[in-house]
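Thanks for coming, everyone. I'll keep this short, so please look at the model while I talk.

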Amino acid sequence: MPSKKSKTKLFILVIVPLITLLTGCEFMDIDKDVFVSMIGIDKSDEEDKPYKITLKLYVPTSSFKQSPEPQYTYITKSGETLSEAIRILETYSDKELEFGHAKLIVIGEDLLKEHKASEVMDFLLRRPDIQMISWIAAGRPSAEEIIKMVPQGENAAYPALFNYFDDIGNESQYIVTTYLFDFRRRMVEEGIDPILPIIEKNTSHFKINKSLVLVDKKEPHELPTLYTGIFNILSMNIQVADLIIKEEDGEGEAFIAKIDSMNSKHKVIVKNNNNIALEIEVRLTGYIAESKHPLKMKNLSYYNKLLEKVAKEKLTEFFSEMTSVGIDPIGFGIDYKSRTLHNKRMSSEEWKEAYKNAEIKIIIHPKLKSTGAIQ
Amino acid sequence: MSSLETINWINEQFKNTNELVQKNLEYENKHILLFYIKSLINSEMLQKLIIKPFFEMSSEEQFNLYLQALPQFQEVQSKEQVHLEIMNGNILIVIQNEFYLLDFKLAKNDKVNSTSVETTIHGSQLALSDNLMTNINVIRSNYHQASLSVEYFVKGEVNQHKVAVIYDKEKVKNDVLDIIRKRLQKVDKQLITSTTQLGNLINDSRFSLFPQMIMTERPDRIVYNLAGGKVILLVDGNPQSIATPVVFFDFMTTMEDNYHTLFISLFLKILRYAGLFLSLLLPALYVGVTSFTPELFRTELALTVAGSRVGVPFSSFIEVLFMLFFMELLLEASIRLPKAVSATATTVGGLILGTAVTEASLASNIMVIIVSAVAISTFVIPVNEMAFSIRVVRLLLIIITSVFGLAGLVLGFFVLIMYLVNLDSFGETYLKIYTLSKNRKTTEEKT
C-alpha cells in the first residue's frame with residue numbers, strides 16, 4: 001500500500017507529462033494580427049479563376065480620439081477556389097489575417113445569379129475563424145464596390161454598414177437581417193428559402209431596402225421595398241412598422257398606422273387531394289401617426305376596420321406573388337413537414353405544385369389604440 | 001519541602017541574573033523574605049500592599065492572614081511554578097516557612113490600540129492591546145456569557161509565552177477543540193513571537209495556499225466568531241487574535257456588513273466578490289484574449305488593444321508579469337516604508353512609473369489600466385491574508401494561461417475550485433457556506 005505522499009508524487013509524475021501533450025491555441029500577440037472587417041466575394045472576369053475576393057482590413061490605431069477618420073486597406077485577389085485566393089491574399093499582408101471580426105459578408109449579385117451561393121457557403125462554414133453570427137448580404141452591382149465605399153461620417157473601427165444590421169443603430173422596417181447560420185439553414189432546409197438584403201450604392205451613401213430570395217435552379221427573385229417590409233412584419237424581425245391606409249375613392253380617410261407591436265402566426269391547413277390552404281394570422285397593435293384629416297376617437301373602430309382591410313389586401317398581394325413564383329421565405333414548407341408524418345407527406349414536387357395553387361386565408365386583428373392626438 | 005532548601009534552589013536558578021532582589025524584612029518579631037525581579041513588578045503596589053502593612057500590623061499571624069486575603073494571592077504548588085511565576089512578575093513571600101506568590105506584574109503594554117488593519121467606518125474603532133490579560137478583559141467585557149472559557153498554555157521553549165485558547169463551551173465543536181489542544185501540545189518551537197506564527201505551526205499544512213485561520217484585531221469580530229462557535233487563540237504580546245475553523249466566505253465578510261442596511265450590505269458584498277474575481281482573473285484574461293482568441297473582444301476594443309500594443313517589445317504575458325512585478329514591489333515597499341515616506345512611494349511608483357512605462361512603450365496603456373484595476377480590486381478583499389493568497393494564485397493563473405490560452409484559464413480556475421473544495425480547516429470543509437452547527441448535545445455528554 002503506497003503512502004499518501006508517494007501517491008501524490010506518482011500523480012504529479014503522471015500528470016505533468018500528460019499536460020505537456022495538451023495544446024491550446026497558438027500563442028500570437030494581438031498586434032501581429034490584422035483584422036478583417038468585411039469579406040466581399042464576386043464573380044471575376046477571368047475564365048479559369050471564377051472567384052474574386054476583396055477583403056477590407058482595419059488599420060489599428062492606439063487612440064480613436066487622435067484619428068477619428070476611418071482607415072482601411074483593401075486587398076483583392078481572384079482564384080479558382082476561395083481558399084486558394086485567401087492563401088494568396090495572406091501573402092499580401094505582413095500580418096496574420098484574422099477573420100474573427102469580419103461581421104459582414106457581401107456576395108456579388110452576379111455570383112448569386114449563377115447559383116454559386118452553396119459553394120461560397122461551404123467555404124464560409126468550414127473556415128473556423130469566420131463567425132456564424134456574421135451578417136450576409138447581396139451586393140449590387142458588385143461586392144467589391146460596396147465594400148470599398150466609405151460613406152461620409154463613418155466612425156473609425158465601426159463601419160457604417162454594420163449599423164444597418166445590428167438592431168441597435170438602424171431599425172428600419174425595410175432592412176432584412178440575415179445571419180450566416182440562418183442563411184445556411186435556409187439553404188439546406190427544404191421548405192424555406194434563403195433571403196438576403198440587397199445593398200445598393202448611391203454616390204455618397206448606401207441604400208438597403210430590397211431583398212433577394214434565392215431559389216434552386218432559378219433566377220433569384222427580388223422583393224421590392226413594400227414586400228420586404230411585409231416580410232419583416234410576418235417574420236417579426238422588426239419592432240416598429242408603418243402602414244399607409246387610404247380609402248379608395250380618394251376623398252375618405254388617409255392616415256398612417258404606426259404598428260409598435262406585431263405578432264404573426266402562420267400554418268398550413270391540409271385538405272384532401274393535395275390541396276392546401278395557407279393561414280396567416282396577424283395581430284397589429286399601434287396608433288395613428290399621421291393623418292390628412294382630423295380623426296375622432298369615437299371612430300376608432302372604423303379606422304381599425306380600414307386597417308384590417310388594407311392589411312388584408314397587401315398581404316394577399318404579397319402571398320399571391322410568393323405562391324405564383326413558388327418562393328417560400330416564410331417557411332410554410334417546414335410548417336407542413338412538421339405537421340405531417342413522413343409516410344403521408346407529399347413529395348417535394350407535389351408540395352411545390354400544391355403551394356402554387358394554395359388558397360390564402362388571412363386573418364388580421366387590428367388594434368389601433370389611439371388616434372395619436374389629444375382631443 | 002523545607003524553606004531553606006527551596007530558597008537555595010531559587011537562588012541557584014537565578015544565579016545568572018543580577019535582577020533578582022532578595023529582601024529580608026524584620027520588625028517587632030515579624031519576619032518575611034521577599035523575592036522578585038525588580039523590572040517586572042509594580043513597586044508602588046509592593047510598597048502600598050506589602051511593606052506598609054508589614055510595619056503597621058501587630059503580629060505575624062495577622063499579616064499572614066492579610067496576605068492570603070489579597071486578590072493577587074496565589075498558592076504555591078511546586079518549585080517549578082515558583083520559578084515560572086517569578087519570571088512572570090510575581091513576588092514570592094516566605095513567611096513562617098510558608099511560600100506565597102503575589103501577582104504584582106507591571107504591564108506597560110496594556111493600552112488598547114485603535115484599529116489599523118481592519119478599519120471600518122461604523123462600529124468600534126478600538127482593537128486589542130499587546131497585553132494578554134487586557135485582551136481577555138476586552139473580550140469578556142464584550143461577551144457576557146458564563147460559558148466563555150479560557151485555557152492557558154505556555155509555548156516557546158525559550159521565551160515561554162502565554163497562549164490563551166478562548167471559546168464558548170456551549171457553542172464550540174468539541175472535535176475542533178480536541179484537534180487544537182492536540183496540535184498545541186505538539187508545537188515544539190524555541191520562540192513563539194506572534195499569533196499568526198502559532199497559527200502556522202498548528203495548521204499542519206505548510207504548503208497551503210489559503211489561510212486556514214482568520215486573523216483579526218477587532219473585538220467585535222472576535223465576539224462574532226465566538227458566538228458562531230469558533231475558537232480564538234491569543235498570544236501574549238500580540239495585538240492580533242486568530243480564529244478557527246474558518247470557511248472561505250469568512251474572509252469575504254467584514255463586520256460592517258451587519259451594520260449597514262440590507263441592500264447596502266448586499267451591494268457592498270457584490271462589489272467585493274466582483275473585486276475578488278477581477279483581481280484573480282483580469283490579468284490572465286488579458287493574456288488569454290489578446291494572444292489566443294482576439295475574437296472575444298468587441299471590434300473597437302480589439303483594434304484599440306492591437307493599436308496600443310504597437311511598439312511594445314514584449315509578448316503579452318511578459319508585459320503582464322513585468323507590470324504586476326512592479327505593482328507587487330510597490331505594495332511591499334509601501335508596507336515596509338515609514339508612514340511619512342510611503343505616500344511618496346505610491347505617487348512615484350503609481351503615477352510616474354505608470355505614465356513613463358507607456359511613454360517608453362514598455363507596456364501598453366491598456367496594460368497599465370488593467371494593472372491598476374487589479375491593484376485596486378485586491379484591496380477590496382476585506383481580510384488581508386486572503387488578499388495575499390489571491391496575489392499568489394493570480395500569478396499561477398497567468399502562467400497557465402500563457403501556455404494554454406483561455407482553455408487553460410478555465411481549467412486552472414477549475415483546479416482552483418477543486419483545491420478549495422479539497423481543503424479543510426480543522427476538520428471543517430473550506431468551501432462550506434453555512435457556519436458551524438451547534439453541537440450542544442455532545443458537549444453535555446462530555447461534561
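UniProt, in an unreviewed entry, places the feature "transmembrane region" at residues 270-292, 312-331, 363-383 and 395-421 of chain B. Those positions are in the numbering used here, with feature names shortened, and such annotations may be inferred rather than shown by experiment.

A word on what you are looking at. This is a predicted model, where local features need pLDDT of at least 70, side-chain atom pairs count only at pLDDT 80 or more, and totals for chains, interfaces and linings use all residues. Residues are numbered from 1 along each chain as its sequence is written, while chains are lettered from A and ligands numbered from 1 in the order in which they are written.

Back to two of those annotated spans. Residues 395-421 of chain B are 100% helix and 0% strand. Their end C-alpha atoms are 20 Å apart. Residues 312-331 of chain B are 80% helix and 0% strand. There, the end C-alpha atoms lie 25 Å apart. Helices here are DSSP runs of H or I with at least four residues, strands are runs of E with at least two, and both are numbered from the N terminus.

Now chain B as a whole. It has 16 helices and twelve strands. Its radius of gyration is 29 Å, well over the 22 Å that the globule rule gives for 447 residues, so chain B is more spread out than a compact globule. That radius is taken over C-alpha atoms, and the rule is 2.2 Å times the number of residues to the power 0.38. Along the principal axes, the C-alpha atoms of chain B fill a box of roughly 100 × 55 × 40 Å.

How much of chain B is buried? Buried residues make up 31% of its 447 residues. Buried means 20 or more other C-beta atoms within 10 Å of the residue's own, exposed means 12 or fewer, and partly exposed is in between, with C-beta atoms placed from the backbone.

Next, domains. The bounds come from an automatic or database domain assignment. Chain B gets domain 1 (3-103), domain 2 (132-245) and domain 3 (257-425). The C-alpha centres of domain 1 and domain 3 of chain B lie 62 Å apart.

Chain A gets domain 1 (28-223) and domain 2 (237-375). Their centres, over C-alpha atoms, are separated by 33 Å. In chain A, 13 residues of domain 1 are in contact with 16 residues of domain 2. Contact means C-beta atoms, placed from the backbone, within 7 Å. On the domain 1 side of chain A, that surface has five nonpolar, four polar and four charged residues. For the classes, Ala, Val, Leu, Ile, Met, Phe, Trp, Tyr, Cys and Pro are nonpolar, Asp, Glu, Lys and Arg are charged, and the others, Gly among them, are polar.

Where do the two chains meet? 24 residues of chain B are in contact with 20 residues of chain A. On the chain B side, the elements giving two or more residues are helix H10 (262-291), helix H11 (299-308) and helix H15 (384-422). H11(B) gives the most, with nine residues. By class, the chain B side divides into ten nonpolar, eleven polar and three charged.

Gly311(B) is exposed, with 12 other C-beta atoms within 10 Å. Its C-alpha atom is 6.3 Å from that of Ser361(B), 50 residues apart along the chain.

Now a hairpin. In chain B, strand S1 (residues 20-27) and strand S2 (residues 30-37) run antiparallel, joined by eight bridges. Strands pair if DSSP finds at least two bridges between them. Glu26(B) has His31(B) in S2(B) as its bridge partner. Two residues lie between the strands, and Glu28(B) in the turn has a positive phi of about 45 degrees. Asn29(B), in the loop between S1 and S2 of chain B, has a positive phi near 45 degrees. With 7 C-beta neighbours inside 10 Å, Asn29(B) counts as exposed.

Last, two cis peptide bonds. One joins Arg140(A) and Pro141(A), with omega about 5 degrees. Another joins Thr244(B) and Pro245(B), with omega about -5 degrees. Pro245(B) is in the loop between strand S10 (241-244) and helix H9 (256-259) of chain B.

Key: Contact = placed C-beta atoms within 7 Å.
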